[in-house]
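Thanks for coming. I will take a few minutes to walk through one structure, so please have it open on your screens.

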Amino acid sequence: MMPVSTMLQSLPQALPEHAAASAVELADSGSQAQAAATNAAGGFDMLQLVLHASVPVQLVMVLLLFASIASWLIIFRKKRVLDRAEREADSFEEQFWSGAELSKLYAGASERNRKLEGLEAIFEGGMREFNRTRQRRGADARMELEGAQRAMRVSTSREMDGLEQNLEFLASVGSISPYVGLFGTVWGIMISFQGLANVKEATIATVAPGISEALIATAMGLFAAIPAVWAYNRFATRAERIAVRYETFSEEFSSILQRQTHADD
């Protein structure tokens, strides 16, 4: 028969207190890891990140949002304006080079109860000044031609101002928005790292929410800048091509007026 002391030693001993506490901490950390994995699997809520961002970062986001909305409004409006200018140029050039008399074209442009645009406005301005100069006493052919050319240059400048309007806003948004978003990101990251002063143990889970909130500002800056830069380059090129068409037409119309003055002499 075994002694009593030997039987007591063979019984299972209770865990020390620090071992029990460690087990509880491991269980809690396992639960937190499982919850984090569940949240990661479900994705992140961008709206919550925006709402929980600091006030300066939220102001940056609001500014970039308004800049993006204004850019898209200008993009759609400018596309309509340039499309209309190209259609009107095609239509008037077809009519002008079809062999119609200049007097009839001028009468039609003057009698229409609407605002003239594009090549028709340039033609009407040059022809009006040409006829006005011819009615003056002592005006020679050179003065008539120079007056028509000045009027066409003024009309061309006026038309180009309308086509290029608001393009500078797209250029500004495209160049400034990334830096504005970067400012919001730097500010948010700075606030996140300042919050680590009150934390004994810094982990990635501690700074990840703040950094995620800050990085949204950079994303919004790029979202506002990329369409603005693309639209500016696209519309500036189209406006330049239309300007070349206007200048070419002015030169050709000046040649026609010059031949007409020589024929009258």
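I start with a term. A salt bridge here is a side-chain nitrogen of Lys or Arg within 4 Å of a carboxyl oxygen of Asp or Glu. With that rule, the side chains of glutamate 117 and arginine 84 form a salt bridge, with N to O at 3.4 Å. This pair links distant parts of the chain: glutamate 117 sits in the loop between H5 and helix H6 (118-134), arginine 84 sits in helix H4, and the two are 33 residues apart. Glutamate 117 is partly exposed because its relative accessibility is 24%. Arginine 84, at 32%, is partly exposed too.

Before going on, the overall picture. What you are looking at is a predicted model. The protein chain has 9 helices and 0 strands. Of its 265 residues, 32% count as buried. The chain exposes about 17300 Å², and carbon and sulfur atoms supply 60% of that area. On contacts: taking those with a separation of 6 or more, 81% are between residues 24 or more positions apart.

Back to the salt bridges. The count comes to 10. Two further examples each sit within one helix. In the first, the side chains of glutamate 124 and arginine 128 meet at 2.6 Å, N to O. Both are in helix H6, and because they are 4 residues apart they are separated by about one helical turn.

In the second example, arginine 142 pairs with glutamate 146, and the closest N and O atoms are 3.1 Å apart. These two lie 4 residues apart in helix H7, so about one helical turn separates them. Arginine 142 is exposed at 51% relative accessibility, while glutamate 146 is partly exposed at 31%. There is also a network: Lys79, Asp83, Glu86 and Arg238 are joined by salt bridges that share partners.

Next, aromatic rings. A pair of aromatic rings is described by the distance of the centres and the angle of the planes. A search of the whole structure finds 11 aromatic pairs. One of them is phenylalanine 96 with phenylalanine 253: the ring centres are 5.9 Å apart and the planes stand at 85°, so the pair is edge-to-face. Where are the two residues in the chain? Phenylalanine 96 is in helix H4 (residues 55-96) and phenylalanine 253 is in helix H9 (residues 204-264), so this pair ties together parts that are 157 residues apart in sequence. Phenylalanine 96 is buried, with 5% relative accessibility. Phenylalanine 253 is buried as well, at 0%.

Another aromatic pair is that of phenylalanine 183 and tryptophan 187, which is tilted, at 6.1 Å centre to centre and 45° between the planes. Being 4 residues apart in helix H8, these two are separated by about one helical turn. Phenylalanine 183 is partly exposed at 47% relative accessibility, and tryptophan 187 is partly exposed at 31%. Phe183 and Trp187 also contribute, with Met190 and Ile191, to a nonpolar surface patch of about 360 Å². Helix H8 covers residues 167-194.

To return to phenylalanine 96 and phenylalanine 253: they belong to one aromatic cluster, made of Phe92, Phe96, Trp97, Phe123, Phe249 and Phe253.

In helix H5 (residues 102-111), the residues Leu102, Leu105, Tyr106 and Ala109 are buried. Why do they count as being on the same side of H5? They cover an arc of only 95° around the axis, which puts them on the same side. The face turned away from that buried side carries the exposed residues Lys104 and Glu111.

Asparagine 166 has a positive phi of about 75°, although it is not a glycine. Asparagine 166 is located in the loop between helix H7 (141-164) and H8. With a relative accessible area of 24%, asparagine 166 is partly exposed.

That is what I have for today.

Conventions: Residues are numbered from 1 along each chain as its sequence is written. This is a predicted model: local features need pLDDT of at least 70, side-chain atom pairs count only at pLDDT 80 or more; totals for chains, interfaces and linings use all residues. Side-chain values use heavy atoms; hydrogens and water are left out. Patches are made of residues with over 30% relative accessible area and no salt bridge: like charges are joined within 9 Å, nonpolar side chains (Val, Leu, Ile, Met, Phe, Trp, Tyr) within 5 Å. Accessible areas come from the Shrake-Rupley method with a 1.4 Å probe; for residues, only the protein chains shown count as cover. Buried means under 20% relative accessible area, exposed over 50%, partly exposed in between (1.4 Å probe, protein chains only). The arc is that of the directions from the helix axis to the C-beta atoms. Rings of Phe, Tyr and Trp (its six-membered ring) pair if their centres lie within 6.5 Å; planes under 30 degrees apart count as stacked, over 60 as edge-to-face and the rest as tilted. Contact means heavy atoms within 4.5 Å.
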